[in-house]
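This briefing accompanies the sequence and structure shown below. It is arranged by topic for reading alongside them.

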Amino acid sequence: MNRRIVMSLVLCGLCLLAAAAGILDSGAADVFLEATRPDFQKIPLGVVSIENNGGPDWLGGRLEEVLKKDVKRSLVFELMDLPSLGIKVRDVGNGLGNGSKAVFKQAAENGVSVLVWGKAGLKKGEKEDDVNMEGFVYDSGSDEIVGGKRYAGSPSVVRLMAHRFADELVFRYTGEPGIARTKIAYVSAHGAARELFVMDYDGYDARQLTADGFLNLMPRWSPDRRFLVFTAYRDRNTQDIDMIELATGKRWTLVSYGGLNITPALSPDGNFLAFASSHEGNSELYRLDTRTKAVQRLTTNPAGDLSPSWSPTGRELAFVSDRGGGPQVFLMSSDGSNVRRLTFEGDYNAAPAWSPRGNWIAYVCRTPRKEYKLCVISPDGQKRMQLTTGGGIDDSPSWSPDGRHLAFSSTADGKSHIYMIDADGKDLERLTFEGSHNSAPSWSPAS
Amino acid sequence: MGTTYSGIAMALVASVALLGVSGCSKKSVQSGGDTQSSQHGSTAKSGSTEGSKTGVGNFPDTSMQSGGSGLRGLDKNPSEEHVASGFGASPAGASAGMGGSLLAKADPSDAASRQLDEMRAEQAASASAGLRDVYFGYDSWTISEDQRQALTRDADWMKTNPAAMVKVEGHCDERGTTAYNLVLGEKRAKAVRNFLVELGISANRLSVVSYGKERPSCEEHAESCYQQNRRGHLAVKSGK
């Protein structure tokens, strides 16, 4: 009897090893254990102040404002209102004086786990004066100043300094790179044309990428953030799938079959481009091996198949098909096998986006009142939730790389603009305010 | 046993996640596809030939992983990091994680003005031909009886102008997703083309293109406007 138990323990150990090898082999798990669980306790963090130390009047305040918003959006920290806790917001200097000791003590007594402060000023640069910033972090658990950062750069990168510091805080407390330095690519109307733009994740610093004068649609990032793939209309009459290098503006035509060439999406390892093309009759899904240039057809169906979205492991694809009448979200293995329908509620479900954590697929769902809103569904179809409400037409959900937010477009305020919302439907934030039409956001991977 | 298993699994997942964060660069050299790559609009031609690989162009390696997060962690005696606006992977040995290259500025080429000129010529030719648009129902690509009459007149014009080449554009209203509306727009354009072929127009005089909901003729959020946008538009091709 005892021997049998020992044997089964040994066997069990072997299968554990096999399971371990499997996980390590794939390099990633299907569903990640993470800080988006509802019971995750946010870390209470207070920003004391970023003091001006000889810079322009706006400098410290700007850094402080950007940093606070980043901390809040991280969803890792609870941004504490220090004055309401009776903690005086003042210069704690290098954190070594008696005044700062008192502030630390007060913070610890009020449950503030992390205190952040800093100062900013000007430094002689080669052409113009550089801005510099110092930030420090006090941890009340260990009762010590755990460290700081010093940054310098031109005045045009002030926001980026705050973003960088915010990401360091997230990295320190979670081991994740943070999202404050991520970008969002999108389409914006430019006269009658639609061109590609890229902005910071908080809507600032928008830059135009293309100037073709016609239509460029639905950009998606390469996993290394160097490229975007998108649909371009060449001479207005044909569609290509193009790639543009952000740093140089250099362009390549990846796919130029006749008919539709739409919804390109690079696999998480960058080795495959999934896309929809109608060159063999109706819109079908294909997979292009970016190393061998071999093209594999994934779907064979008289209905339209489109909008592939990779699972974080690259093993599966979510996509849209109207094989049942209206468009619905389906799943399949990335070689085209094992197709099964995922959405059953409502007669129009489209534009799926698989969360980088694997646990949700966001999509556009048409409600019984014929409103186009955002929904999320678990890949096993067991959990489903409508995230947005109201009359605006919502489209193109795209996950932040930490899986805690979605960017999407909506006509909620009249014209189409880009918005951000938490994965649980809270904290709706509008990101674009200029232009007559902003659409098709794609959130970059983390750097 | 179950707890042990999940405990170990969690530890493994955590370590895998940490490996991912530390982000060791996987490849550092580009495939060299750059130099031979076909620039946009130059050599790559629309690959209408079926089953061939002419529709796939050359392009650079996209499997290169970025060189880590660029974060160095907090330091008790922090050295100064230079922050520069940048994109993508940092070049190896860059002084700061974000010291990548700048984002290229969009090149205001002649393309845009050429497009405008051609569009104006197309519109003028289509207007003088008196071709009529075909309108569709919500979610539909079926040509209704009254719309067939409009198309019959369009076909008559094409028969009396046998040299004219016509582009059938499929359009949608703003409801629904960008992507699915491109598919819907193609279904509408093909329905129009097929009907014209039934009426005796040679298929090689007709091309189809879908603009989805991206080129509306009307911008209001109302059914009166949506109706005008759910259309098949016939354009007389100018030039080639």
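Into which domains is chain A divided? Chain A comprises domain 1 (43-174) and domain 2 (183-443), with bounds from an automatic or database domain assignment. The model is predicted: local features need pLDDT of at least 70, side-chain atom pairs count only at pLDDT 80 or more, and totals for chains, interfaces and linings use all residues. Residues are numbered from 1 along each chain as its sequence is written, while chains are lettered from A and ligands numbered from 1 in the order in which they are written.

**Domain arrangement**
- The centres of domain 1 of chain A and domain 2 of chain A, taken over C-alpha atoms, are 37 Å apart.

**Helices α2(A) and α4(A)**
- Helix α2 (residues 58-74) of chain A and helix α4 (residues 158-174) of chain A have axes that come within 9 Å and cross at roughly 40°; axes are lines fitted to C-alpha atoms over the stretch in contact, and angles run from 0 to 180 degrees between N-to-C directions.
- Residues making this contact include Leu63(A) and Val66(A) of α2(A), and Ala162(A) and Phe165(A) of α4(A), contact being C-beta atoms, placed from the backbone, within 7 Å.

**Strands β11(A) and β12(A)**
- Strand β11 (residues 238-245) of chain A pairs with β12(A) in the antiparallel sense over four bridges; pairing requires at least two DSSP bridges.
- Ile241(A) has Val255(A) in β12(A) as its bridge partner.
- Five residues lie between the strands of this hairpin, where Gly249(A) adopts a positive phi near 80°.

Key:
Helices (H or I, at least four residues) and strands (E, at least two) are DSSP runs, numbered from the N terminus. Two residues are in contact if their C-beta atoms, placed from the backbone, lie within 7 Å.
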